[in-house]
Amino acid sequence: MSVLTRDEAQTRARLIDVQRYRIDLDLTRGADTFDSTTVIGFTTRTAGDTFVEVRPAALRSVTLDGHALDPAALDDNRLPLTGLTPGPHELRVEAAMAYSHTGEGMHRFTDPTDGETYTYTQLFMEDVQRVFAAFDQPDLKAVFDLTVTAPDGWTVLANGVTEHLGDGTWRAATTPLLSTYLVAVAAGPFHSVRTEHRGLPFGIHCRRSLAPYLDADAEEILDITRACYDRYHEKFEEPYPFDSYDQAFVPEFNAGAMENPGLVTFRDEFIHRSAVTDTERQTRAMVIAHEMAHMWFGDLVTLQWWDDIWLNESFAEYMGYQTLTEATRFTGTWVDFGVARKAWGYDADQRPSTHPVAPDADAVPDTASALLNFDGISYAKGASALRQLVAWLGEKDFLAGINTHFKRHKFANATLADFIASLAHHTDRDVHAWADTWLRTTGVDTLTATVTEHPGQTALTLTRDGSRPHRVTVGIYDRDLIDGATLVRRELSAIDIPDIPADGEHRLPGPRPALVVPNDQDLTYAKIRLDPHSEETALRGLSRVPDPLTRAVLWNCLRDMVRDGELEPLTYLEAARAHLPGESELANVQGVLAFARTQIADHYTTPTERPDALALLTDLCTDLIRRTEDGSNPGLRLTAVRTLIDSAAHADTIRDWYDSGSVPGGPELDPELRWRILGRLCVLGAVDDAVIEAELTQDLSATGRQGAAHCRAALPDPEAKRAAWDAMFTTDELSNYLFTATAQGFWQPEQSDLLRPYVARYFPDAVAVAHRRGPAIADAAGRHAFPAHAIDAHTLALGESCIGDDDPIPALRRRLADQLDDLARALKIRTATAAK
């Protein structure tokens with residue numbers, strides 16, 4: 001497919017202005033294709049040539065100003081429009097379009113539970129062309145009139161309020177000016193819960209088989225939605241800019257959610273079929289807050305070109321966490337951000353593929369390269385940078401700048417320069433210099449504390465390895481005089497680096513503190529290193545630190561030290577074993593256990609050390625389960641049960657749980673836990689396909705099918721591995737979710753001998769399937785199907801040769817580069833540990 005370049009977009013934007021789209025979609029044409037008719041009204045400023053994008057299954061007819069054009073002129077996804085004269089024009093395109101099963105374009109899904117079919121659009125970046133013809137770039141905004149013909153009994157949702165005209169025909173209200181990638185349709189026999197808030201229609205929707213689970217959580221979801229809506233109206237002077245607010249939870253969605261104006265689509269795993277922790281409910285709430293923030297950041301004011309994607313994602317990320325903290329019961333969201341989300345940014349920023357939060361436009365020359373920037377930099381690092389900006393600038397001036405930005409650019413497009421100008425209008429601080437140092441640079445600074453004792457006082461020095469200015473809070477802690485173990489905060493000091501203090505030292509009255517924590521409240525984006533005395537205090541007494549956010553900062557410090565080869569992986573596990581039983585913040589427990597199980601046990605420990613790591617995790621989780629037998633902390637108990645299942649080196653205990661249908665003392669095994677146990681039993685070779693089939697007959701849902709695919713791929717059986725490999729890389733029949741489930745089951749460290757022949761096969765097969773099936777499957781192949789357990793020089797050499805010689809598409813190339821860098825890091829950690 002021809003990708004759009006920035007230069008082409010600029011040339012087209014100078015030539016034409018688009019006023020209106022009239023789109024008619026017919027979803028009654030069968031299971032493979034739907035009909036799409038598009039009429040585009042546009043104006044040409046001068047005489048010239050251009051093109052419109054469309055990717056049809058069959059292009060039936062094209063007319064320009066009433067004159068037929070040759071459909072055979074379609075070149076890949078571009079239909080040339082030549083000899084245009086100045087003035088208004090009307091383009092009409094009629095086509096049959098293919099349904100997608102990879103979450104791109106118009107995705108079609110049939111629910112195995114009840115046989116009902118659902119469709120929805122995901123038109124991001126270039127996928128609008130799979131649904132209707134368009135001048136597909138973000139700065140050619142237009143209004144949209146949409147009509148959809150759907151089967152009887154279906155509901156059609158869109159960006160605006162929809163009206164059923166009869167005979168299966170639905171008409172959506174005319175939109176305000178939108179970018180093409182923000183148009184949205186969802187259609188099917190949805191179960192809906194509707195209400196109204198401040199005169200605005202609100203709705204939440206899911207497939208019918210999930211109706212009981214949506215109903216159970218409907219009030220919580222709507223409460224979060226209302227609270228965020230009200231809080232944004234307190235922050236923003238521009239009112240909500242659309243005529244309704246629907247949230248559709250849709251199957252096999254590639255992202256967490258998509259900010260379509262008036263119709264946000266979410267992955268329907270957020271409708272929980274099984275027990276979840278309160279932190280997972282908080283995550284759902286944060287995504288709701290994030291997507292609502294996009295109604296202003298991205299939808300009302302839209303980026304001009306994809307180099308400024310951070311103006312969408314970083315702001316929505318920051319606003320989502322901050323607003324959830326301010327307006328809902330989830331007041332500890334920054335702890336979860338710090339211990340989980342922020343690590344995503346730190347990891348991405350230390351790979352060769354890193355990029356600035358706001359890259360130069362030349363660094364994003366086309367849409368294929370732009371797609372690669374939806375990562376931990378544009379989300380987590382960008383949100384961290386904004387949190388630091390608020391600390392440095394002050395929230396009052398920050399919000400004033402945002403409101404000026406909305407006022408100047410509403411229903412239009414804007415750039416980084418526009419945003420900085422809006423901020424500068426409200427402050428004397430040099431925000432241009434701040435943007436240059438924070439948004440135009442890469443890498444993670446490191447702040448290191450040095451503590452020197454003097455008579456009657458202590459001197460603290462913070463040194464910076466990096467180039468950015470930081471406004472941080474430094475926490476000073478002493479041991480409690482009564483119990484000698486609890487840590488009590490003596491002082492919390494705001495320090496500007498490198499400006500204050502001028503002599504580089506911060507004088508602390510009194511004796512040497514037990515613990516000094518740079519970036520105590522996690523206001524900046526930097527790794528920290530403790531002085532030796534503080535490091536020892538943290539390792540021995542981390543659970544005695546009073547503030548959960550401070551503990552998150554310290555856990556991140558230890559995590560970074562492991563990744564940088566400065567702390568042995570087993571030492572981290574021993575700290576987890578010592579301190580997680582006393583941890584009161586579930587987000588910290590989940591973040592630490594996730595890193596310990598997936599990174600340390602599976603990647604950073606050697607094969608000979610891995611059994612000890614799994615045993616330590618099993619002992620830790622057993623302790624947590626014992627401590628929660630009174631039912632006082634069901635979220636902690638569920639987290640411990642899950643991790644124990646994933647860490648089990650022997651089948652006996654979890655097989656007893658599976659057979660009895662319950663963990664002794666609870667919880668009862670719901671579908672998620674049953675499939676989780678069965679997956680681990682498959683890895684251990686303790687069950688066969690007959691057990692998987694029996695479980696599937698009890699759970700015929702979509703998640704049941706995914707669980708069965710995962711389990712079958714995990715069996716330590718040569719034929720099972722061959723079948724899974726063919727399903728992923730040969731037949732091209734798996735949907736995006738079934739591909740991912742199969743890939744996640746396939747590679748298991750316990751089965752390295754059986755899997756060895758597939759390591760070399762992976763690279764050419766992944767390149768081939770990515771070329772055939774496109775970016776979504778390419779991302780899944782690179783993210784989930786990569787042989788991450790094969791940590792050796794041979795795998796590195798194979799991967800580097802693939803990137804150099806096999807020409808993977810950009811989405812796969814980026815994933816492979818990141819995976820190989822992570823593999824090289826793991827190999828270095830293992831080598832360093834072995835040398836000690």
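A: To begin with a definition, two strands pair if DSSP finds at least two bridges between them. Helices (H or I, at least four residues) and strands (E, at least two) are DSSP runs, numbered from the N terminus. This is a predicted model, in which local features need pLDDT of at least 70 and side-chain atom pairs count only at pLDDT 80 or more, while totals for chains, interfaces and linings use all residues. Residues are numbered from 1 along each chain as its sequence is written, and side-chain values use heavy atoms, with hydrogens and water left out.

Q: What is the strand order in the open sheet of three strands?
A: The order is S25-S24-S27, and the pairing is antiparallel. Strand S25 (487–497) and strand S27 (515–517) are the edge strands, each pairing on one side only. From one strand to the next, the twist averages 20°; axes are lines fitted to C-alpha atoms, for helices over the stretch in contact, and angles run from 0 to 180 degrees between N-to-C directions.

Q: How many bridges join S24 to S27?
A: Strand S24 (residues 470–479) is joined to S27 by three bridges, and the two run antiparallel. Within this sheet, Ile476 stands opposite Val516 in S27.

Q: Which helix lies across S24, S25 and S27?
A: That is helix H12 (residues 548–563), which runs at about 85° to S27. Contact here means heavy atoms within 4.5 Å.

Q: Changing topic, how many salt bridges does a search of the whole structure find?
A: The search finds 72 salt bridges, each being a side-chain nitrogen of Lys or Arg within 4 Å of a carboxyl oxygen of Asp or Glu. One of them joins the side chains of Arg281 and Glu220, at 3.2 Å from N to O. This pair links distant parts of the chain, with Arg281 in helix H3 (residues 278–294) and Glu220 in helix H2 (residues 211–235), 61 residues apart.

Q: Why does Glu220 count as partly exposed?
A: Glu220 counts as partly exposed because its relative accessibility is 22%. Buried means under 20% relative accessible area, exposed over 50%, and partly exposed in between (1.4 Å probe, protein chains only).

Q: And which residue forms a salt bridge with Glu536?
A: Arg540 does, with the closest N and O atoms 2.3 Å apart. Both residues lie in helix H11 (residues 532–541), four residues apart, about one turn of the helix. Glu536 is partly exposed at 35% relative accessibility, whereas Arg540 is exposed at 66%.

Q: What about Arg783 and Asp779?
A: Their salt bridge has its closest N and O atoms 3.3 Å apart. Arg783 and Asp779 both lie in helix H24 (residues 775–783), four residues apart, about one turn of the helix. Arg783 is partly exposed, with a relative accessible area of 40%, and Asp779 is partly exposed at 24%.

Q: Which residues are linked in a network of salt bridges?
A: The network links Arg231, Glu234, Lys235, Glu326 and Glu395.

Q: Finally, how many disulfides are found?
A: The search of the whole structure finds zero disulfides, a disulfide being a pair of cysteine sulfur atoms within 2.5 Å. For Cys621, which is in no disulfide, the nearest cysteine sulfur is that of Cys711, 20 Å away.

Q: Is Cys621 buried or exposed?
A: Cys621 is buried, with a relative accessible area of 0%. Cys711 is in no disulfide either, and its nearest cysteine sulfur, that of Cys682, is 4.2 Å away. Cys711 is buried, with a relative accessible area of 1%.
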